[in-house]
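My notes follow in the order in which I looked things up.

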Amino acid sequence: MQNLLFQTTIEGDPDDWNISRFSHLKAFLEGLRDDDGQPAFRVIARNRDPLGRDDSVLSRLHESDFHQLWLFAVDTGDGLTERDCDGISQFRRRGGGMLVTRDHMDLGSSICTLGGVGAAHHFHTRNPDPDPSRCCVDDRVTTYISWPNYHSGANGDFQHVQPVGDVHPVLRDPHSEAGVIRYLPAHPHEGAVGAPPGDETSRVILQGRSQATGREFNLAVAFERSDQGGPAIAQSTFHHFADYNWDTAAGCPSFVSEAPGDGMIRFPEALRSTHQYVRNVAFWLGGAHERPV
């Protein structure tokens, strides 16, 4: 059994994207079994300790018995201290697997200081996209949110996704007619990710298409296991994993103003595809090349 840490970069504000809003993801992973029929994963879910001091777990993650970190960066730039980042970076250097995800504009920008994986995330004021043509507004509905804010659809709806290059193991789907992941949850304003220049262990593996402008944008970057550290995924938005985006009946913080959709409920294949992606990521980060149902 592998030990997974689910952690946000905020304190446990009940009216924010605290860790309880990823409970469906936790339950799904805890229900997976290994080849012997035993639980494959044990998930510990927590929010960060109070801001202004080092997090007691992240700052010493490299000394822990965790095998994977799923980091949901939902802060506005102050969610990780220098020692937190050092603990996380050392964790990966010793072979730990990581999924690091954020959201629009500068939401989650504290992850920029993470070695390797942090460089894959582009924000509004920190590490902006090196392509200046992408430093512009995509979602024009929620006007108080600026770029990056790719509009893949309403919360509660799904988006069609497209593998990039050779199909990566985390994108294989034996139950899909195409043999690959085809759907993920949609979100009105996703963030931006890209393979860091000069890092030969990384590449863009998945893209979506804006429903507002028709422009393609990156959804996921994979980092292969190497001498630099364990495998990792940089994801464009944590909304691919949030309860609300899998089932809007789970509710959302009061500041979410966009009207939700119901595509995930009306089209069960989208949730099944999402589950397959989550399953693949967890087993791949844990050292398996692929793990079909």
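**Ground rules.** I am working from a predicted model, in which local features need pLDDT of at least 70 and side-chain atom pairs count only at pLDDT 80 or more, while totals for chains, interfaces and linings use all residues. I number residues from 1 along each chain as its sequence is written, and side-chain values use heavy atoms, with hydrogens and water left out.

**Whole chain.** I looked up the secondary structure and found 5 helices and 12 strands. Helices (H or I, at least four residues) and strands (E, at least two) are DSSP runs, numbered from the N terminus. The C-alpha trace spans about 45 × 45 × 40 Å along its principal axes.

I then checked the radius of gyration, taken over C-alpha atoms, against the globule rule of 2.2 Å times the number of residues to the power 0.38. For 293 residues a compact globule would come out near 19 Å, and the protein has 17 Å, which agrees.

Next came burial. I use buried for under 20% relative accessible area, exposed for over 50%, and partly exposed for in between (1.4 Å probe, protein chains only). On that scale 56% of the 293 residues count as buried. The accessible surface is about 11,800 Å², and 49% of this belongs to carbon and sulfur atoms. These areas come from the Shrake-Rupley method with a 1.4 Å probe; for residues, only the protein chains shown count as cover.

I also looked at contacts, meaning heavy atoms within 4.5 Å. Of the contacts with a separation of 6 or more, 71% are between residues 24 or more positions apart.

**Backbone.** I found a cis peptide bond from Trp-147 to Pro-148, with omega near -10°. Pro-148 is in the loop between strand 5 and strand 6 (158–160).

Asn-127 is in the loop between strand 5 and strand 6 too. Asn-127 has a positive phi of about 45° although it is not a glycine, and its relative accessibility of 34% makes it partly exposed.

Met-105 is not a glycine either, yet has a positive phi of about 50°. I placed Met-105 in the loop between strand 4 and strand 5; it is partly exposed at 25% relative accessibility.

**Asp-106.** Asp-106 sits in the loop between strand 4 (97–101) and strand 5 (121–122).

I did find a polar contact between the side chains of Asp-106 and Thr-125, at 2.7 Å. The term covers a pair of N or O atoms within 3.5 Å; within protein, one must be able to donate a hydrogen and the other to accept it, and residues adjacent in sequence count only if both atoms are side-chain atoms. Leaving aside neighbours within four places in sequence, Asp-106 is in contact with Asp-75, Thr-76, Gly-77, Phe-123, His-124, Thr-125 and Arg-126.

**Salt bridges.** I take a salt bridge as a side-chain nitrogen of Lys or Arg within 4 Å of a carboxyl oxygen of Asp or Glu. By this rule I have 10 salt bridges.

Arg-272 forms one with Asp-173, the closest N and O atoms being 2.7 Å apart. Arg-272 lies in helix 5 (residues 268–285) and Asp-173 in the loop between strand 7 (162–163) and strand 8 (183–185), so the pair ties together parts that are 99 residues apart in sequence. Asp-173 is buried at 1% relative accessible area, whereas Arg-272 is partly exposed at 24%.

Arg-272 also pairs with Glu-269, with closest N and O atoms 2.8 Å apart. These two are 3 residues apart in helix 5, about one helical turn. Glu-269 is partly exposed at 25% relative accessibility.

In helix 1 (residues 23–30), Glu-30 and Lys-26 are 4 residues apart, or about one helical turn. Their salt bridge has its closest N and O atoms 3.0 Å apart. Glu-30 is partly exposed at 30%, and so is Lys-26 at 23%.

Last, I noted a network of salt bridges linking Arg-46, Asp-49 and Asp-55.
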